[in-house]
Amino acid sequence: MGTQTRPKAGCPPTHPHPNAHPKPHRTWRQALLTAATVAALTAAAHPHIPAPTPATLPTLTPATLQATYKANRENATHAAHMATTHGDNHRATADRTLATRNLLTFDGRGPGQATEVLGDPTHADHIAVLVPGSDTSLDTYARFHRTAVALYKAAHRTNPRTAVIAWLGYKTPATVSTTVTTTTRADQAAHQLRAFIRELRGITPTPTTHISLLCHSYGSVVCARSAPALPVDDIVLLGSPGTAADTVAALHTPARVWAARGSKDWVAHVPHIRAGLLLATVGFGTDPVSHAFGARVFDAADADHSGYFTPGSVSLANLARITLGETSEVTRG
């Protein structure tokens with residue numbers, strides 16, 4: 001997901017016994033220094049891509065929904081043209097593709113942000129909002145779109161009055177970075193996610209429309225930091241490294257809280273700790289699928305870290321059931 005001390009001048013380096021174990025704090029520091037260096041080099045390898053400022057949008061209501069889609073399509077088309085002129089055909093293709101879809105928001109600047117809608121939230125009985133994890137941007141958006149499509153198809157077969165929203169509404173951290181080990185980005189994103197859910201509630205057909213948050217990897221940290229007083233019915237933590245909360249009760253949410261981790265998910269090997277290091281607290285604490293955390297753990301079978309929305313999988317079937325409020329049908333882990 002996601003510092004070495006030098007010997008004093010004139011002194012030879014110390015060579016530890018080959019069987020000696022490095023001190024935990026030194027291991028963390030070395031890992032974080034390496035991660036920060038790689039992240040800096042990675043960022044330097046991607047030049048700035050010009051894009052227009054986001055479109056000026058009307059207040060979101062059922063009556064302005066189509067005008068919102070139109071304004072964002074036009075902005076994405078403009079962004080594609082600017083990216084092409086800049087010589088970045090990959091970003092131009094991504095922007096051009098998004099310009100054909102229903103978008104509640106679009107921002108082509110930097111790594112980019114977008115909120116895509118599948119279905120009609122103004123007539124939906126059930127709405128799922130997907131919150132992605134690290135390394136999700138406009139350049140990698142296609143894989144996030146595929147997860148939304150898979151869930152939409154799975155749920156829509158049972159109830160056509162279902163909508164799925166892919167919310168890339170924050171700057172996700174890089175998997176190899178120090179940022180991915182802290183709540184900093186999640187704390188920033190929490191404000192945006194709360195505002196979006198309140199706005200979404202304003203266009204649903206009834207105040208009791210069922211809304212689920214499906215949160216993957218670092219996205220589970222975002223959802224956890226947003227949870228207090230968030231007007232949703234279910235929060236799902238998928239492949240979560242932890243939430244920075246020790247228990248479900250510490251999330252201060254009336255929502256049902258679910259968690260799952262597939263047997264092939266590498267995140268199982270992430271240490272479930274929180275520790276002060278340098279100027280930050282790293283790690284996210286209690287394992288969300290542990291009994292101590294207290295979530296409703298459901299079966300994700302052999303899903304790997306990117307496989308929770310694989311069509312035909314046990315995990316996707318359970319996610320569709322949660323989306324549709326069929327909680328008694330969810331198979332437990």
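User: Which side chains meet in a salt bridge at 2.7 Å, N to O?
Analyst: Those of Asp 187 and Arg 225. A salt bridge here is a side-chain nitrogen of Lys or Arg within 4 Å of a carboxyl oxygen of Asp or Glu. This is a predicted model, where local features need pLDDT of at least 70 and side-chain atom pairs count only at pLDDT 80 or more, while totals for chains, interfaces and linings use all residues. Residues are numbered from 1 along each chain as its sequence is written, and side-chain values use heavy atoms, with hydrogens and water left out.

User: Where do Asp 187 and Arg 225 lie?
Analyst: Asp 187 is in helix α5 (residues 184-201) and Arg 225 is in helix α6 (residues 218-226), so the pair ties together parts 38 residues apart in sequence. Helices (H or I, at least four residues) and strands (E, at least two) are DSSP runs, numbered from the N terminus.

User: Why can such side chains pair?
Analyst: Side chains of opposite charge can pair when their charged atoms come close.

User: How many salt bridges does the structure hold?
Analyst: Ten. One of them joins Asp 234 and Arg 256, with the closest N and O atoms 2.8 Å apart. Asp 234 lies in strand β6 and Arg 256 in strand β7, so this pair ties together parts 22 residues apart in sequence. Asp 234 is buried at 0%, whereas Arg 256 is partly exposed at 28%.

User: What does Arg 261 pair with?
Analyst: Asp 287, with the closest N and O atoms 3.0 Å apart. Arg 261 sits in the loop between β7 and β8 (275-277), and Asp 287 in the loop between β9 (280-282) and β10 (296-297). They are 26 residues apart. Arg 261 is partly exposed at 23%, but Asp 287 is buried at 15%.

User: New topic. Where is Thr 243?
Analyst: In the loop between β6 (234-238) and β7 (256-260). Thr 243 is buried, with a relative accessible area of 1%.

User: What does Thr 243 touch?
Analyst: Its contacts (heavy atoms within 4.5 Å) include Arg 225, Leu 237, Phe 284 and Phe 293, not counting residues up to four places away in sequence.

User: Which backbone nitrogen lies 3.1 Å from a polar atom of the Thr 243 side chain?
Analyst: That of Ala 245.

Terms used:
Buried < 20%, exposed > 50% of the residue type's maximum accessible area, 1.4 Å probe, protein only. Polar contact = N/O pair within 3.5 Å; in protein donor to acceptor, adjacent residues only side chain to side chain.
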